[in-house]
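Subject: Structure handover

Hello,

Here is the structure I said I would pass on. My notes on it come after the sequence and the model.

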Amino acid sequence: MPSHLARWTGLAGSMLLALSAFLGGAFPSGPLRSTPVSIWQGPNGPLILTAWVVGTGLMAYAWWALRDGGPSTRWALATIGLWLLPLLIAPPFGSRDVYAYACQGASFVGGISPYEQGVSALPCPWLDTVSVIWRDTPAPYGPLFVLIAGAVVKATGSLTASIVLFRALSLVGVALTAWALPALARRAGVPAKRAVWLALGSPLVAAHLIGGPHNDVLMLAALVGGLAVVAAHPGRRGMLLVGGLLLGVAVAIKVTAVVVVPFAALAATAGPYRIRTLIRDGSWVVGGTVASVVGVTVAGGLDFGWIGGLSQGGAAIAWTSPPTAVGQTVGYVAALFGGHIDALPVTRGIAVVLLAVLLVWLWWRARTRDPLYYAGLALALTVALAPVVHPWYWTWPLFVLAATAQRTRWFTVVALVASFLVLPDGTGLPRYTKTIGAPLMTLLVIVLVIRLVRSARAARQPVAAD
C-alpha cells in the first residue's frame, strides 16, 4: 500500500472509532455491564458495532501494510499524530478504568489510602461510574500514579475535567515515547522509523492508551526512556543513575516494569560481561530504580501496599490469559465426564512459578546477547503468563520489541488480534466466547510448547561434518 493511501486509510478508521465512541462509548451514565447482543439491540447498535469493527480494521490494515515504517520517522510521527486527533475529543471508550483512576485520586485527596480500602470507602462522588468488580478492590497501581491521580482530581474537581487531564497526560506519554524510541532503536540497530511506527501506530495505542485512556502509556514512556538512556551510556555512572531513576518512575506507576531492570543492568555494562563490571555499572541502574520508588513512596506518605494490591487483578477471568484458558479448558473437559474442577488456582500458580524460572533463564542468556531485546521478551512472557491479560497489556512488549527486535511478525500479529477484543463501551468479547476461546488458546499453547521443544532438541543436535 502506498504511504499516502495508508495515512488516509488509517485516519478514516480513526474517525470511525471516534464515531463509535460518541454513539456507544464508556459514558459515565452508561450501563456497567453490556453484551454484544444488548449493544446491537440498543440505540444505534448496528452503527456502533459497524463503525467499531470497520474503523479498527482500517487502522489495523494501514498499520500492518507499512510494517517497515513508511518513508521516514518524521512521516510516521506526523501520520500517527493525525490518527490520534479524532480520538482526543472522543469520550472514553474501550474501558471504564479512567473512572477508577478518578475515584482512587478522590480517595487519596480525601485522606484514605487506596491501598487499604476500595473506592467505595470514601465514598467516591463518582462511584456509580466504576465497574462493580473494582469498587471494593485496593488500587493495584504504584505510588506515583496514586499521587498523579490525586493531583488530577484536586486540580480539576470534576469528573469530566479529570478525564480530559488524564487523556492529556496519556498524550504526553505518547510524545515522550516518540522521543525515546529512536534512541533505543539506534542502539539495537533497528530503523527508527520502523520502531516508531510499530509501537505508536498500533490500533492498541489509539483505542486504549489514548481512547481509554490508560496509565500504561506513562509507565511505558518512563520505561523506554530509561532503557534508551542506559543503552546510550554504558559504563557512565551518572547517566546510568538517570536511567535507573527513569526505570524507577516506571515501576512506581506499574510494578510490572520491574522485570526489565535486571536486563537494563546488563545493558549498562561497558565491554563483555563480567560479574565485576555488572556490579560496577549495573548497580547504578538498580540503585537509581530503588531510590526512585522508595523516594516517591515516602514523599507521598504512602506505603508498599500497592504490591499486595496486584493480587486483586485475578478477579477477572478471561481466556486471553493462557494459564487461565488452560484452567478453564480443564474444567470444561472434566464437566464432560461429570466432574467439577476449579483448575484456575493451579494453572495460574504454575504460570507464576514458570514465569520466575523463565525470567531467570532469559537473563542468563542475555549476558552474551542483546539484553534490550531480552527485556522485551521478558515483558512478553510477563503478559502471557499473567492471570489476567487485557488487550492493552500487549503494548508493554510491543514498545520495547519494536525498537529492539529484528523479526517483528509474531508480536505484531498478537497486537492485531488484541485490537479487536474489546467493544467501545468496554465490553470484553472474551467474556462471551470462553467456551470457544479457552480451548483454542489451550491448543495454541500446546502447539507452541511442542514447537519450542523441537527447536531446542534441534539446536542441541551436532552438525554433521561434510
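This is a predicted model: local features need pLDDT of at least 70, side-chain atom pairs count only at pLDDT 80 or more; totals for chains, interfaces and linings use all residues.

Salt bridges

Searching the whole structure turned up two salt bridges. One of them joins the side chains of K254 and D216, at 2.9 Å from N to O. K254 sits in the loop between helix 11 (237-253) and helix 12 (261-267), while D216 belongs to helix 10 (residues 216-232), so this pair ties together parts that are 38 residues apart in sequence. Both K254 and D216 are buried.

The side chains of R280 and D281 also meet in a salt bridge, with 3.0 Å between N and O. D281 is buried, its relative accessible area being 0%. R280 has a relative accessibility of 38%, so this residue counts as partly exposed.

Largest pocket

The largest pocket holds about 2,100 Å³ of space. It is lined by 44 residues, and those closest to its centre are L381, A384, W410, L448 and L452. Which elements give two or more residues to the lining of the largest pocket? They are helix 15 (322-336), helix 16 (344-366), helix 17 (371-384), helix 19 (409-418) and helix 20 (434-460). Helix 20 supplies the largest share of this lining, with 11 residues. Sorted by class, the residues lining the largest pocket are 36 nonpolar, five polar and three charged.

Regards

Key. Residues are numbered from 1 along each chain as its sequence is written. Side-chain values use heavy atoms; hydrogens and water are left out. A salt bridge is a side-chain nitrogen of Lys or Arg within 4 Å of a carboxyl oxygen of Asp or Glu. Helices (H or I, at least four residues) and strands (E, at least two) are DSSP runs, numbered from the N terminus. Buried means under 20% relative accessible area, exposed over 50%, partly exposed in between (1.4 Å probe, protein chains only). On a 1 Å grid over the protein atoms alone, a cavity is a set of points where a 1.4 Å probe fits but cannot get out, and a pocket is an open set with protein on both sides within 12 Å along at least five of seven lines; lining residues have an atom within 4 Å of a point. Grid points are joined across faces, edges and corners, and a volume is the space filled by probe spheres set on the points. Ala, Val, Leu, Ile, Met, Phe, Trp, Tyr, Cys and Pro count as nonpolar, Asp, Glu, Lys and Arg as charged, and the others, Gly among them, as polar.
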